[in-house]
Amino acid sequence: MVDSVLNHPSLPLGARAREPVRARLRSVGALMGPAFVVAVAYVDPGNFATNMAGGAQYGHLLLWVIVSAGATAVFVQYLSAKLGVATGRNLPELCREHYPRPVVRGLWVQAELVTMATDLAEFVGAAVALNLLFGIPLLPAAVLTAVVSLAILGLAPLRRRRFEKVIVTLLGIVLAGFAYQALQLGPLTDAGAGLVPGFAGVDSVLLATGMLGATVMPHAIYLHSALTQHRSDPDPAQRRRTLRATVVDLGAALGIAGLVNVSMLLIAADALHGSALPSDTLEDMHGSLGTALGPAAGVAFAVALLASGLAASSVGTYSGEVVMAGFLRRRFPLLLRRVVTMAPALAVLAAGVDPMRALVLSQVVLSFGIPFALFPLVALSRRRDVMGELVNRRWTTAAGVAAALLISGLNLFLLHRTLFA
């Protein structure tokens with residue numbers, strides 16, 4: 001088709017030259033989308049809680065954590081996407097195929113706990129947003145969140161492209177909300193100092209661990225391999241083209257997510273740190289941002305939080321389906337699964353637990369789940385019998401092991417300091 005167009009004598013020479021470029025762009029565009037679905041996990045309500053708490057409490061001190069975690073996230077999601085493209089299977093399926101049954105069951109149990117922690121953050125965040133915007137009590141707001149997220153999830157996987165468009169739209173709303181707040185804030189001051197690694201006591205380490213758990217998300221590691229596995233192809237050249245398009249997809253999607261995360265901390269640091277304005281809860285931040293930057297900034301914060309919670313809760317349930325089907329080869333009815341995974345969030349809200357504290361602690365739980373996804377991912381992607389010609393190079397495997405060890409070491413340090421300090 002393209003060749004016939006290029007050789008058509010009536011076409012100008014410039015049009016003939018431009019057509020291959022357009023064809024390549026269309027080809028890349030057709031393969032983009034999975035990374036934007038995954039990117040929602042990197043700007044969920046847990047990010048709001050940890051990043052903005054970090055900025056409000058410590059100024060720019062923990063900016064380096066967000067930047068480092070964002071870079072790690074790109075690398076980890078690349079490995080996950082490559083696994084799906086190379087094998088035509090997702091990470092839970094490969095774990096079941098290559099590991100002993102007791103190991104597989106253990107990985108499944110921790111993955112389910114991670115999914116519940118994810119749902120806790122997303123439901124609590126969306127419920128708080130609905131309360132801020134419309135005055136809906138938190139418990140009914142969480143139920144409403146479940147209904148809307150189920151409606152969004154109903155588009156996947158049969159209408160996957162439409163599902164991706166809805167998620168991208170919600171991601172755009174989050175970006176627009178923080179872009180507006182940044183414009184109201186004006187020029188930033190001394191942000192560069194936050195790129196120098198450092199902490200300010202055990203509490204800052206706890207918050208940094210939560211920021212890491214909110215950025216490198218275990219369920220996103222499982223999900224990305226599932227979103228790309230259907231794009232595997234018997235032709236090695238086509239697999240390489242798909243992988244190149246995936247890199248473009250990742251760069252665009254996680255670049256946007258990284259920009260939002262950095263904006264969260266910088267806005268909180270410059271607008272709230274060192275001021276007398278309260279910033280202990282999401283409700284405090286909503287009111288304080290409205291005071292510092294204008295009422296519209298508070299509304300923008302709440303709208304962004306709502307969009308984040310709705311999108312992330314849909315993606316979280318989708319990843320839960322991938323986890324159960326891959327590890328156990330079983331599927332539960334979607335409604336039943338949603339009721340089970342949202343039960344902890346409803347219990348937290350019904351018990352009157354501070355939503356901000358619940359969000360931060362949920363992200364710490366997620367951080368402890370990262371190694372259980374990352375170590376199998378690195379171990380499988382280094383095997384030529386699994387990956388074929390897309391097997392990891394030595395430096396790729398070394399970087400993956402280093403990331404997993406670093407995260408595990410931070411978790412152990414946090415656990416020791418919390419229990420024995």
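**Figure 1. Aspartate 119 and the residues around it.** Setting aside neighbours within four places in sequence, aspartate 119 is in contact with Ser313, Thr317, Arg338, Thr341, Met342 and Ala345. Keep in mind that this is a predicted model. Aspartate 119 sits in helix H7, which runs over residues 101-134. Is this aspartate buried or exposed? Aspartate 119 has a relative accessibility of 1%, and the cut-off for buried is under 20%, so aspartate 119 counts as buried.

**Figure 2. Leucine 390 in its loop.** Here we look at the loop between helix H17 (384-387) and helix H18 (394-420), where leucine 390 is found. What does leucine 390 touch, once residues up to four places away in sequence are left out? The list is Lys82, Val85, Ala86, Arg239, Arg240 and Leu243. With a relative accessible area of 8%, leucine 390 is buried too. For a sense of distance, pick out threonine 228: its C-alpha atom and that of leucine 390 are separated by 14 Å, and the two residues are 162 apart along the chain.

**Figure 3. Phenylalanine 178 and the largest nonpolar core.** The largest nonpolar core has 126 residues. Which of them touch the most other members? Those are Phe48, Phe163, Phe178 and Leu374. Zooming in on phenylalanine 178, and again skipping residues up to four places away in sequence, you'll find it touching Phe48, Met52, Val260, Ser263, Met264, Ile267, Phe301 and Ala304. Phe48 therefore turns up both among the core members with the most partners and in the contact list of phenylalanine 178.

**Figure 4. Stepping back to the whole chain.** The protein chain is built with 18 helices and zero strands. Its radius of gyration is 22 Å, close to the 22 Å that the globule rule gives for 421 residues, so the chain is as compact as a globular protein of that length. Taken along the principal axes, the box filled by the C-alpha atoms is roughly 70 × 60 × 45 Å. Of the 421 residues, 55% count as buried. Looking at contacts in the chain with a separation of 6 or more, 83% come from residues 24 or more positions apart.

**Figure 5. The surface and the charges.** The protein chain exposes about 17,300 Å², and carbon and sulfur atoms supply 66% of that area. How many charged side chains are there? The tally is 32 positive and 22 negative, and the centres of the two sets lie 12 Å apart.

Methods
Residues numbered from 1 in each chain as written. Predicted model: local features only at pLDDT ≥ 70, side-chain atom pairs only at ≥ 80, totals over all residues. Heavy atoms only, no water. Core = buried A, V, L, I, M, F, W, Y, C linked by side-chain atoms within 4.5 Å. Buried < 20%, exposed > 50% of the residue type's maximum accessible area, 1.4 Å probe, protein only. Contact = heavy atoms within 4.5 Å. Helix = DSSP H or I, 4+ residues; strand = E, 2+ residues; numbered from the N terminus. Rg over C-alpha atoms; globule rule 2.2 N^0.38 Å. Areas by Shrake-Rupley, 256 points an atom, 1.4 Å probe, with all protein chains shown as cover. Lys, Arg positive; Asp, Glu negative; His and termini not counted. Charge placed at Lys NZ, Arg CZ, Asp CG, Glu CD.
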